[in-house]
Amino acid sequence: MSTNPADQRAIPLPLAPHHSASRSAVTCEYRCGNACSHDAPNTSANTYFGDVVRRALDRRGVLRAGAVLSFAAGLTAATGLPAAARGKNPGSTPAPAGIDFDPVPPNTQDRVVVPEGYEQQVVIRWGDPVLPGAPEFDFENQSETAQQGQFGYNNDFAGLIPLDGAGVHSLLVVNHEYTTETHMFGDYDPENPTEEQVRIAWAAHGQSVLLVKRDPARGGLTPLPGRYSRRITLNTEFAVRGPAAGSELLRTSADPEGSRVRGTLNNCAGGVTPWGTILSGEENFHQYFAHADRVADPVAKQRMRRYGVNTGASTRKWERFDERWDASTEPNETNRFGWIVEIDPNDPNSTPVKHTALGRFKHEGATVRIAEDGRVVAYMGDDERFEYIYKFVSSGRVKKGRSAHARRHNMSLLDEGTLYVARFSGNSPAAEIDGSGELPSDGEFDGAGEWLPLATGTTSHVPGFTAEEVYVFTRLAADRAEATKMDRPEDIEPNPVNGRVYCALTNNSNRGAPEHAPADEPNPRTGNKHGHVLELAEKSDDPTATKMEWRLLLVCGDPQQGDTYFGGFDKDQVSPISCPDNVTFDRHGNLWIATDGNELGSHDGLFAVPVGGPSRGHVKQFLTVPNGAETCGPIVTDDLVTVCVQHPGENGPGAENPGSHWPDGGRTQPRPSLVAVWRTDGHHVGEIGER
Ligand code: FEO
Ligand code: CA
Ligand code: CA
């Protein structure tokens, strides 16, 4: 490709009429229960960074210059980049390995658009068979039985676990986050869903597991329904494990021991563990429950409010068909969702697990790394406005290998350890963080942070909370610990090459609004529409450390605007990016970012960005998804890139008039699908070299 910056210059904006929120009303209602149109449930008065600075100024009159300097020096060491090097135009520097492709311009095409020289294929769609013998999809004749054997709705996270060294055969695990009944059924009445429609929706949630084969000669992935195939749904039994298992807070009439839960839901992002299992986050569980206003116990009621559980009927009216969805009848059932779950895809008969030691909140996902001493560290985001970033450090140590024995041991590591929440402070004077997004005089949004322990095993570290209460009502415990309110923490994942940790903060329209936390250095924009990406370096590169340093890698949005920042890279050369959500890495350590809700008038996409060297911050768009869709669950290997295309067509009012006919075209119904993309010439994805 050309290395002339002028040739790479991207990309006028906006390309389509701009509207205030690019997510459709339908997506907002069915995916997260209109979370953004309600007041954020975090009304805690806990400290934000502005307070910390003001307190410091009150005490000392001025921030200690030494402290500021040490932050800056530490961060420079962490990134390996002298501050003076950042912001330089790389001139004719070639694209780093892994991102040498011609960026896809912003667009509003109703298809998946990939770079020149790349091929694509739909691997599996909603309704395609997962279990051997499951029927082919028939939109007009859906049934609970059929859906129980078919690929579920609204795929989000996807994980590939290679079964051989060449990555030809792999286990594919996909989350089915939520159902959109108005688009799933031709005859849906939202006020009067039928029992069969409700049961189909229960079967369309959860996960799909199946074997896939990569074609080493031609590229692409083929699903092979067979002995690994599994559908996990709202009827699958989960074991509750960890320190809150058996707690009175988790007992219900169907499960008086608080040890077994039927089903998982709203599984958003996730991670592949080093021992070959999948972690998945139960995110917006609150919306499935009804009648929190009728709950008799005022303490239970207040706890539900902190999680945003519905007052009145639920959107889907499931409470009419199973009492467990009525919070006033079975209040503890709400406490049995909002966990990290672990699935062992190697054994279709294994009992999946809900891990109480990782806390209960609107879990985006969890990603795991192993510390030098063998302890396991999991990073997690709570995806709602003004919520927190967490990590868990295990007490036990990992056993190497992927034998069934090692896997059993390693799955138990997440049963006991310390759960932490993050508090961040900035190193620039508060007066320089004015909410405009303009960089402070030290040239970066950056600072230090600490991990505040909430509980270790059965010991609480939060005054006024038992350990069980910390795990089950983690948001309330984190309020008490005075964690930092963030702008929707979504995926957070360690970079396997440089060891730093990257967190997507999608947006927060209420940042700085009256009665809400103002802009601070880690969340520096008032009414943050486009989100940002935080880079975190654990002290001494030790993932178990309780101190860290951080800086913003990206402040997203229109590169032509002064409130955006691209790691110091020349903004004339980058692809516009808005609302970062899922993150992953390629083998070279480049960060790949999927977006949700592009506020720049073009479709959501997948982007790649180097995090070191002279190209740090050079964001390039790799693909875009069809009308109404969100890009989810990216996987990037040498041989292919996959993305989940979630909720295509939800920008239209319903199944009769969907906003997209992707992937099958004509007048067909849109179907959420997993897409694979690869190079047509056999070279590695984004590899330097002539095509
Ligand atoms: Fe399901 Fe936070 O996105
Ligand atoms: Ca700063
Ligand atoms: Ca997400």
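Strand S13 (residues 363–370) and strand S14 (residues 375–382) run antiparallel and are joined by 6 bridges. Strands here are DSSP runs of E with at least two residues, numbered from the N terminus, and two strands pair if DSSP finds at least two bridges between them. This is a predicted model, in which local features need pLDDT of at least 70 and side-chain atom pairs count only at pLDDT 80 or more, while totals for chains, interfaces and linings use all residues. Residues are numbered from 1 along each chain as its sequence is written, chains are lettered from A and ligands numbered from 1 in the order in which they are written, and side-chain values use heavy atoms, leaving out hydrogens and water.

How much of S13 is buried? Of its 8 residues, 7 are buried, meaning under 20% relative accessible area, with over 50% called exposed and the range in between partly exposed (1.4 Å probe, protein chains only).

One open sheet has 6 strands in the order S8-S7-S12-S11-S10-S9, with mixed pairing. Its edges are strand S8 (260–262) and strand S9 (267–272); each has a single partner strand, so one side of each is left without a neighbour in the sheet. From one strand to the next the twist averages 30°, using axes that are lines fitted to C-alpha atoms and angles from 0 to 180 degrees between N-to-C directions. Strand S7 (residues 237–241) pairs with S8 in the antiparallel sense over 3 bridges, and Ala239 has Arg260 of S8 as its bridge partner.

A second open sheet has 4 strands, ordered S1-S32-S31-S30, with antiparallel pairing. Here strand S1 (118–125) and S30 stand at the edges. Strand S31 (residues 641–646) and strand S32 (residues 673–679) are antiparallel partners over 5 bridges, where Val641 has Val677 of S32 as its bridge partner.

## The largest pocket

Several strands each supply at least two residues of the lining, including S9, S13 and strand S26 (580–585). The largest share, 7 residues, comes from S2. By class the lining has 20 nonpolar, 12 polar and 10 charged residues; Asp, Glu, Lys and Arg count as charged, Ala, Val, Leu, Ile, Met, Phe, Trp, Tyr, Cys and Pro as nonpolar, and the others, Gly among them, as polar.

## The calcium site

The calcium ion (ligand 2) is coordinated at 2.2 to 2.8 Å, with Asn427 (OD1), Ser428 (OG), Glu444 (O) and Glu521 (OE) among the donors. Donors are N, O and S atoms within 2.8 Å of the metal (3.2 Å for Na, K and Ca); water is not among the atoms, so sites may look incomplete. Glu444 is buried, at 3% relative accessible area, whereas Asp442 counts as partly exposed at 35%.
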